[in-house]
Amino acid sequence: MSDSYFPRWREVQAISGSVVAPDERLPWPQTAAMGVQHVIAMFGATVLAPILMGFNPNIAILMSGVGTLIFFFVTGGRVPSYLGSSFAFIGVVIAASGYAGRGPNDNLAVALGGIVACGVVYIAIGALVQLVGTGWIERFMPPVVTGAVVAVIGLNLASVPIKNMAAGNFDAWMQAATFLCVGLVAVFGRGMLQRLLILAGLVLATLVYAALTNGLGLGKPVDLSGIANAAWFGLPAFTAPVFTGNAMLLIAPVAIILVAENLGHLKAVTAMTGRNLDRYMGRAFIGDGIATVVSGSVGGTGVTTYAENIGVMAATRIYSTAVFVVAALIALLLGFSPKFGALIQAIPLPVMGGVSIVVFGLIAVAGAKIWVDNKVDFSQNRNLIVAAITLIIGTGDFTLKFGQFALGGIGTATFGAILLYALLGRARNA
């Protein structure tokens with residue numbers, strides 16, 4: 001690698017089966033095409049997360065581009081990653097803002113204050129990692145803890161699409177049709193179509209919904225008038241954060257989940273590239289934290305490194321960080337298009353509900369996958385008790401109050417898992 005802070009990308013040719021390293025790049029036209037592919041890969045989740053929280057999806061897309069560029073600069077362009085909307089925030093944002101699951105979030109500013117606080121905590125953790133390394137994180141958050149916390153994120157959200165995103169029997173059936181569409185794409189799709197299973201399933205379900213409503217009059221028809229009336233380019237409506245103790249205490253602990261995600265993603269990229277990225281771990285946390293602070297300061301969601309884009313890298317074996325600069329610039333252009341935002345808002349709520357059921361389920365299963373991949377031994381009572389209690393208090397939204405402050409659901413599960421694992425370990429060694 002070069003001794004300069006940023007990589008001086010060495011141009012290489014695309015040869016079947018060859019690896020393009022982070023400090024290399026394909027010719028610019030091919031790099032641009034790869035950038036478009038990464039935008040497509042992150043698109044579905046980055047847009048879905050803000051909709052589920054009542055945020056502006058245009059700002060979320062815009063800040064995903066800004067956040068990716070911030071991450072690039074902080075890590076010196078050495079870590080190939082795209083930053084998109086984090087699903088870890090959904091449960092706590094809904095709890096902190098009292099969001100009902102449809103339309104704009106009336107208490108958006110309060111949630112933004114918590115997201116900014118989370119970013120600050122994340123930056124502090126990154127600074128500590130820069131000083132002392134990552135060993136303490138892996139000691140306090142072993143796979144049994146991180147797996148349980150990730151699973152809880154999905155399980156805690158289960159009631160949102162089922163209770164709040166289906167107004168009647170027809171809508172419930174459309175939710176079922178939607179997750180069936182996603183399942184069909186996931187199992188029978190091939191290539192990039194299969195990688196875009198959420199987006200492709202959403203489009204297919206929307207077409208089915210339009211045929212039944214606009215065509216047969218069975219439900220609320222799809223309204224495309226907002227798309228026609230929206231401008232192609234324009235400045236999105238930014239929102240400033242409001243800082244309240246309750247929201248900050250509820251949302252800030254998500255930093256622990258983001259650390260676990262980022263840690264796992266960097267380990268995966270290290271394994272794929274054959275280059276040890278541990279020395280960039282602290283800078284990666286700091287970059288992600290700064291991006292979250294900036295996003296929350298203007299009305300965007302918290303951000304995280306995206307597994308979807310790591311999947312694209314694994315499939316293409318192209319790890320060039322130049323690709324992510326291109327992808328970020330494309331996201332900036334989309335963020336400044338009100339017509340794009342209107343298109344997202346036109347998606348029927350039951351369809352979004354069906355997609356949410358799939359996404360939240362996948363998050364829950366991702367937690368279980370952490371256990372499987374790391375061969376967590378559940379014959380050990382310590383692991384069994386930590387996982388069992390974490391899952392139930394998180395799913396049941398177990399709440400603890402400290403004066404005027406309340407910590408519930410994902411917050412109690414996260415802190416509970418860490419403290420319980422440490423406490424039971426101490427008891428075992430006593």
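Here are a few notes on aromatic rings, one histidine and a surface patch in this predicted model.

1. Let's start with the aromatics. Searching the whole structure turns up nine aromatic pairs. Tyr5 has a relative accessible area of 43%, so it is partly exposed. Phe6 comes out at 31%, which makes it partly exposed too.

2. Next, have a look at Trp9 and Phe72. Their ring centres lie 6.0 Å apart with 35 degrees between the planes, so this pair is classed as tilted. Here the pair ties together distant parts of the chain: Trp9 belongs to the segment before strand E1 (10-11), while Phe72 is in helix H2 (residues 57-74), and the two are 63 residues apart.

3. Is Phe72 buried or exposed? Its relative accessibility is 12%, so Phe72 counts as buried. Trp9, at 25%, is partly exposed. The cut-off that matters for this pair is 20%, because a residue has to fall under that value to be called buried.

4. Now put those rings together. Tyr5, Phe6, Trp9 and Phe72 belong to one aromatic cluster, which also takes in Trp28 and Phe73.

5. Lys339 places its charged end over the ring of Trp232, 5.0 Å from the ring centre. Arg382 does likewise with Tyr421, lying over the face of the ring at 3.5 Å from its centre.

6. You'll find it in helix H1 (residues 28-53). Its relative accessible area is 0%, so His38 is buried. Which residues does His38 touch, leaving aside its neighbours within four places in sequence? The contacts are Asn309, Val312, Met313, Val323, Phe324 and Ala327.

7. Last, the surface. Phe179, Leu180, Leu184, Val187 and Phe188 make up a nonpolar patch there, and together they have about 510 Å² of accessible area. Val187, one of these residues, sits in helix H8 (residues 169-188). With a relative accessibility of 51%, Val187 counts as exposed, because the label applies to values over 50%. His38, by contrast, is buried at 0%.

Terms used. Residues are numbered from 1 along each chain as its sequence is written. This is a predicted model: local features need pLDDT of at least 70, side-chain atom pairs count only at pLDDT 80 or more; totals for chains, interfaces and linings use all residues. Side-chain values use heavy atoms; hydrogens and water are left out. Rings of Phe, Tyr and Trp (its six-membered ring) pair if their centres lie within 6.5 Å; planes under 30 degrees apart count as stacked, over 60 as edge-to-face and the rest as tilted. Buried means under 20% relative accessible area, exposed over 50%, partly exposed in between (1.4 Å probe, protein chains only). Helices (H or I, at least four residues) and strands (E, at least two) are DSSP runs, numbered from the N terminus. A charge sits over a ring if NZ of Lys or CZ of Arg is within 6 Å of the ring centre and within 35 degrees of the ring normal. Contact means heavy atoms within 4.5 Å. Patches are made of residues with over 30% relative accessible area and no salt bridge: like charges are joined within 9 Å, nonpolar side chains (Val, Leu, Ile, Met, Phe, Trp, Tyr) within 5 Å. Accessible areas come from the Shrake-Rupley method with a 1.4 Å probe; for residues, only the protein chains shown count as cover. A salt bridge is a side-chain nitrogen of Lys or Arg within 4 Å of a carboxyl oxygen of Asp or Glu.
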